[in-house]
Amino acid sequence: MNAQRKQRLTLVLLIVFGSSVAVALVAYALSQNINLFYSPSQISMGEAPADTRIRAGGIVVDGSVRRDPNSLKVEFDITDFAHATTVQYVGILPDLFREGQGIVAQGMLDQNGRLIASEVLAKHDENYMSPEVAAALAAAGEMPHMPPTAGKGY
Amino acid sequence: MAGKNWMPRWFYQLASPKWCYQITGKLLPGFAIATLLLIVVGLVWGLAFAPPDYQQGNSFRIIYLHVPTAYMAQSIYVTMAIAGAIGLIWKMKVADMVAKCCAPIGASLAILALATGAIWGKPTWGSWWVWDARLTSMLILLFLYFGIMALNSAIESESTAAQSTAVLALVGLVNIPIIQYSVYWWNTLHQPSTFKITEKPAMPPDMWIPLLILVIGFYCFFAVTLMMRLRNEILRRERRSSWVRELLMQQRG
C-alpha cells in the first residue's frame, strides 16, 4: 500500500470511527427517550412522568386480569418481576394478550400510580414453537414463557 | 509496509472491468440455479410444511419473508459501504460500480422488510407501526438508501458521485449495529433476534431450517441481481473501450 492509499484508509477509518462516536454519544444522551416504554420498576420509583402520555411494558401477572362483566373495561397487573403496575383499559385486547404474556400499554398514570391505557399492544418473544411442543412443555410444567433473561427486556 | 504488496492477486484482477465482466458471466448461472432452488424449497417448506406457532398460529409464517429481507437490507448496506471504502482508498472503478449497484437492491429489500413487518405487526402486536428503536432505525436505513441513490444521481461526474456516496455510506454504517442491537440496548416492542451467533435458535429445527435456507437463498438472490446490474453498469461505462465494442460486434453476429 503506498502512502497516498494509506492516508485515504486513515481518512475512511476516521469517518467511520468519528460518526460512530458522535452517534453513540447522542444515543447515550437520549437513551431514556429511545426506550419505547417504562418498566414497572421505573414507574414505582417515580422515573415516569405523571400527567403525560407514557408507555408501560411488562408481563401480565397470572390471575390478575379482572374483566368488568357489563362493559369492555379490563384491569390487570404487569410486572418486571421486581415491581408491578396496574393497568386499566377499555376496549378490545389484541389476540396475543394473555396472562404471562408481555404487553406494552400507552396511557397516563393516575394519582394512585395506575396506568389508564388508551392502547394495549402485545409483545411476543423469539421463542417460536409448534402447538404440540407447547402442549408437551406445558404438561411438563416447563412452559418457557419467561426465559431467565426475559425480565430484563420488560 | 510501504512498497510491499500484500493484497492477493485476484483483488487487483477484480479492478479490471473486463476481467470482472467475464468472471461474473461465469458465476451467474450457478448462483441463479442456487437462488431458484433455495428459495423454492425454503418457501414451500416454510409456508406449507413447517408447524404453526403455538401463540401466533399461521400468521408467524411471514417470518420466512421478513427475516431474510431484513437481513439482506443490512448485509447489502455493509457490502455497499465496504465497496465504497475500497473505491475511495484504491480508486477502483469496479468497486464504485458495485457500491452504486447495491443501493437500489438494498432499498427494495428494506421496503419489503418494513412492509412484511407491518403486516406481521398488525395481527400480533395490534399495531401496524410503533416508533420503537428497531423499527425506527430500519426506517432510517431505508432513507439512507434513498439518500445515497439521490446523491449518486445528482452529481454529473461519475467519480465524484462515487466518492461522495461512499462517504455518505460510511457515515451511515453506524446505523447497522444500532439496528442489530436495538432490541437489546433499549426497551422495544420488537422481539430479540431470531438467529443468534452464539446460541441455538429458540425454535424447533423444522421451523428454523427453512428459514436458514431462505436466508442463504436471499444471499444468492442478491449475488445474482448484483452481478446482473454490475455487468450492465460495466458495459455502460466501458462502452467506448475496444473489448466492449468487440463483444457487441460478436453478439450481433
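1. In this predicted model, helix α2 (residues 17-49) of chain B and helix α8 (205-237) of chain B have axes that come within 7 Å and cross at roughly 150 degrees. Since angles over 145 degrees count as roughly antiparallel, α2(B) and α8(B) are therefore described as roughly antiparallel to each other. The crossing of this pair, α2(B) with α8(B), is left-handed, and the residues in the contact divide by class into 28 nonpolar, 6 polar and 2 charged.

2. A second pair to look at is helix α4 (residues 93-124) of chain B with helix α5 (residues 133-154) of chain B, which pack at an angle of about 150 degrees with their axes 9 Å apart. The helices α4(B) and α5(B) are therefore also roughly antiparallel to each other, and their crossing is left-handed. On the side of α4(B), the residues making the contact include K100(B), A103(B), P104(B), G106(B) and A107(B), while those on α5(B) include L135(B), M138(B), Y145(B), F146(B) and N152(B). Sorted by class, the contact of α4(B) with α5(B) has 15 nonpolar, 2 polar and 1 charged residues.

3. Along its principal axes, the C-alpha trace of chain B spans about 60 × 40 × 40 Å.

4. Because K93(B) lies in helix α4 of chain B and E238(B) in the loop between α8 (205-237) and α9 (242-252) of chain B, the pair ties together parts that are 145 residues apart in sequence. Over all chains, the count comes to 10 salt bridges.

5. Turning to the interface, 42 residues of chain A are in contact with 50 residues of chain B. The size of an interface is often given as the accessible area lost when the parts come together. Between chain A and chain B the buried area is about 3900 Å², of which carbon and sulfur atoms give 61%. How many salt bridges are counted between chain A and chain B? The count between these two chains is 0 salt bridges.

How values were computed. Residues numbered from 1 in each chain as written. Chains lettered and ligands numbered in written order. Predicted model: local features only at pLDDT ≥ 70, side-chain atom pairs only at ≥ 80, totals over all residues. Heavy atoms only, no water. Axes fitted to C-alpha atoms, helices over the stretch in contact; angles between N-to-C directions. Helix = DSSP H or I, 4+ residues; strand = E, 2+ residues; numbered from the N terminus. Parallel < 35°, antiparallel > 145°, perpendicular 65-115°, else oblique. Left-handed = near helix turned anticlockwise from the far one by under 90°. Contact = heavy atoms within 4.5 Å. Nonpolar A, V, L, I, M, F, W, Y, C, P; charged D, E, K, R; others polar. Buried area = accessible area lost by both parts, 1.4 Å probe. Salt bridge = Lys/Arg side-chain N within 4 Å of Asp/Glu carboxyl O.
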